[in-house]
Amino acid sequence: MNLKFLRSAKISLKLTIIYAFMFSLILLVLSSVTLYGTKYFLYKQANKQVQELTVIIKNKINEQQEQPDLYSKEFFLDIPSKENIYIKISDKDGAIINQSRRVNFNIKSKSMDGKTRRLEKNEKHLIYLNTRVKSAYGVLYIQVVKDLENEYSFMKILFIFMAIADFIGILASLAFGYIISKKMLIPIDKLTNTAENISINNLKERIEVEGPDDELRRLGNTFNNMIDRLQKAFDSQVQFVSDASHELRTPIAIIQGYANLLDRWGKDDKEALEKSIYGIKLEASNMANLIEKLLFLAKGDSYTQIVEKQYFKINELIEEVVQDTRLIDDAHLIKNRENAVTEVYADYKLLKQMLRIFIENSIKFTPQGGFISVDSFVENGQLQISVTDTGIGIPEEDINNIFDRFYTVDKSRSKEKGGSGLGLSIARWIAEVHNAKIEMLSEEGRGTTVIVKLDLKN
Ligand SMILES: Nc1ncnc2c1ncn2[C@@H]1O[C@H](COP(=O)(O)OP(=O)(O)O)[C@@H](O)[C@H]1O
Ligand SMILES: [Mg+2]
């Protein structure tokens with residue numbers, strides 16, 4: 001038994017020891033109860049026998065019509081079950097009148113209270129009863145003694161038998177306990193092995209869950225679910241990185257293209273020069289935009305995005321956002337029909353950023369002359385902020401996906417408007433850190449309404 005074995009078998013060893021200990025305890029208690037029970041029963045039987053015999057002798061002396069021959073050996077002839085029994089009749093001075101047989105002991109007890117007594121002497125176990133009888137012969141003393149020799153040899157055999165049985169039982173419980181606990185822990189070993197094999201490069205492995213619906217099976221399932229979640233998270237990270245690089249490749253390619261154009265014609269051709277500079281500036285700003293969004297999401301993923309909640313008046317924020325929007329967008333009618341005067345506990349900058357994302361979308365996807373309304377109202381203890389537009393709307397089949405990263409309804413449509421598909425992902429993250437819900441209602445060709453629902457009591 002080397003150390004490694006002990007270490008790896010720790011739980012099973014512990015289980016075995018506990019199991020064997022309990023089993024041995026039960027076995028020993030059971031054996032002792034059996035032994036003591038048997039002893040008690042045998043003593044009781046012996047007591048009874050001695051008492052019955054005393055009564056028989058008494059009756060024989062007193063009640064018989066014919067005078068029995070008290071002095072004759074025949075006197076004891078018809079006494080039942082004389083085996084290991086000794087009967088002595090003596091006169092009032094203690095002189096023996098008659099005895100059933102010769103024995104090598106002599107009990108000189110004078111107690112006459114009719115109770116049986118025990119005597120352990122020279123490895124002999126005796127039960128005796130002394131009685132005083134008044135008879136035609138005068139006062140007599142009857143002594144009935146039972147030698148428990150047979151009972152004791154029976155007990156001895158029983159004890160040896162039980163000791164052997166206990167010994168075998170304890171050995172067996174150790175062996176079985178070890179085998180059973182080992183077997184029960186096999187799934188845990190499997191779990192350990194699988195866990196050891198799992199790494200970022202190998203999230204495919206799963207534990208085989210079989211057998212009854214017990215704790216180990218649940219542990220296996222929990223473990224598998226955990227790996228599922230890990231794999232999902234990891235896959236989406238990989239996807240995110242690949243999408244991000246893809247998105248960055250396009251503006252870089254465009255900038256490279258303009259740089260080549262400049263290199264070839266820009267020195268002489270003023271038009272090419274201006275076109276290139278304009279293009280490079282635009283793409284660089286798109287790229288900066290994209291990188292900023294990527295950074296925001298990365299910080300959100302790694303919980304390093306700072307969220308500073310404070311109390312402020314939501315109507316002031318809405319007013320500010322509406323003013324800003326009117327400044328940058330004169331192609332639409334920007335309205336503010338309702339504005340709840342109430343305090344909220346939130347991150348001012350993040351909430352503003354979220355509204356900007358919705359408003360930017362509305363501006364992008366609403367034809368000139370349409371209107372955009374930013375409103376807020378309180379309903380059922382909830383603050384609701386809505387951004388409504390009369391734009392092109394979102395197809396029903398896309399509405400569940402537009403919050404996914406890089407998802408745009410129509411790639412070409414969104415691209416030319418400088419969209420990356422990250423805006424709503426950011427908005428969703430901001431809503432989540434505020435425990436807010438975003439509802440998106442849209443009808444193609446008629447317009448879109450985004451509602452943010454924020455609990456006021458928190
Ligand atoms: N108000 C809106 N009207 C029409 N389509 C919208 C509106 N808001 C969002 N969408 C759709 O959802 C997509 C995802 O939006 P977003 O995440 O902000 O990405 P981006 O604006 O960069 O394209 C948009 O590409 C657009 O197709
Ligand atoms: Mg957007």
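## Reading a predicted model

Visitor: Why does Glu320 count as partly exposed?
Guide: Glu320 has a relative accessibility of 29%.

Visitor: What makes the contact of Lys352 with Glu320 a salt bridge?
Guide: The closest N and O atoms of Lys352 and Glu320 are 2.3 Å apart. A salt bridge requires a side-chain nitrogen of Lys or Arg within 4 Å of a carboxyl oxygen of Asp or Glu; the pair therefore qualifies. Lys352 lies in helix H8 (residues 348-364) and Glu320 in helix H7 (residues 314-328), so this bridge ties together parts that are 32 residues apart in sequence.

Visitor: Why does Lys352 count as buried?
Guide: The relative accessibility of Lys352 is 14%. Buried means under 20%, so the value of 14% places Lys352 in that class.

Visitor: Which residues are linked with Glu320 and Lys352 in a network of salt bridges?
Guide: Asp324 and Arg356 join Glu320 and Lys352 in that network. The structure holds eleven salt bridges.

Visitor: How do you know that Lys267 and Asp263 meet in a salt bridge?
Guide: Their side chains come to 3.4 Å, N to O. The cut-off is 4 Å, and the pair therefore meets it.

Visitor: Is Lys267 buried or exposed?
Guide: Lys267 has 65% relative accessibility. Exposed means over 50%, so Lys267 counts as exposed.

Visitor: How much area do domain 2 and domain 3 bury between them?
Guide: About 1200 Å² is buried between domain 2 and domain 3, with 69% of it on carbon and sulfur atoms. Of the area that domain 2 buries against domain 3, 49% comes from Lys293, Phe296 and Leu297, more than from any other three residues.

Visitor: How many salt bridges are counted between domain 2 and domain 3?
Guide: The count is one salt bridge. The count of residue pairs in polar contact between domain 2 and domain 3 is also one.

Visitor: What makes the pair of Arg405 and Asp301 a salt bridge?
Guide: The side chains of Arg405 and Asp301 meet at 2.9 Å, N to O. That distance is within 4 Å, so the pair counts as a salt bridge. Arg405 stands in the loop between strand S10 (382-389) and helix H9 (411-415), whereas Asp301 is in helix H6, 104 residues apart, and the pair thus links distant parts of the chain.

Visitor: Why are Arg405 and Asp301 called partly exposed?
Guide: Arg405 has a relative accessible area of 28%, and Asp301 has one of 29%. Both values fall between 20% and 50%, so each residue is partly exposed.

Visitor: Why is Ser181 called buried?
Guide: Ser181 has 3% relative accessibility, which is under 20%, so it counts as buried. Ser181 lies in helix H3 (residues 149-184). Not counting residues up to four places away in sequence, Ser181 touches Ser12, Leu15 and Thr16.

Visitor: Why is Thr194 called buried?
Guide: The relative accessible area of Thr194 is 9%; the limit for buried is under 20%, and Thr194 is therefore buried. Thr194 is found in helix H4 (residues 186-197). The side chain of Thr194 reaches the backbone oxygen of Lys190 at 2.7 Å. Leaving aside neighbours within four places in sequence, Thr194 is in contact with Glu205, Arg206, Ile207 and Phe223.

Visitor: What makes Ile392 partly exposed?
Guide: Ile392 has a relative accessible area of 31%, between 20% and 50%, so Ile392 is partly exposed. Ile392 is found in the loop between S10 and H9. Ile392 and Ile207 are 185 residues apart in sequence and 50 Å apart in space, C-alpha to C-alpha.

Conventions. Residues numbered from 1 in each chain as written. Chains lettered and ligands numbered in written order. Predicted model: local features only at pLDDT ≥ 70, side-chain atom pairs only at ≥ 80, totals over all residues. Heavy atoms only, no water. Buried area = accessible area lost by both parts, 1.4 Å probe. Polar contact = N/O pair within 3.5 Å; in protein donor to acceptor, adjacent residues only side chain to side chain. Buried < 20%, exposed > 50% of the residue type's maximum accessible area, 1.4 Å probe, protein only. Helix = DSSP H or I, 4+ residues; strand = E, 2+ residues; numbered from the N terminus. Contact = heavy atoms within 4.5 Å.
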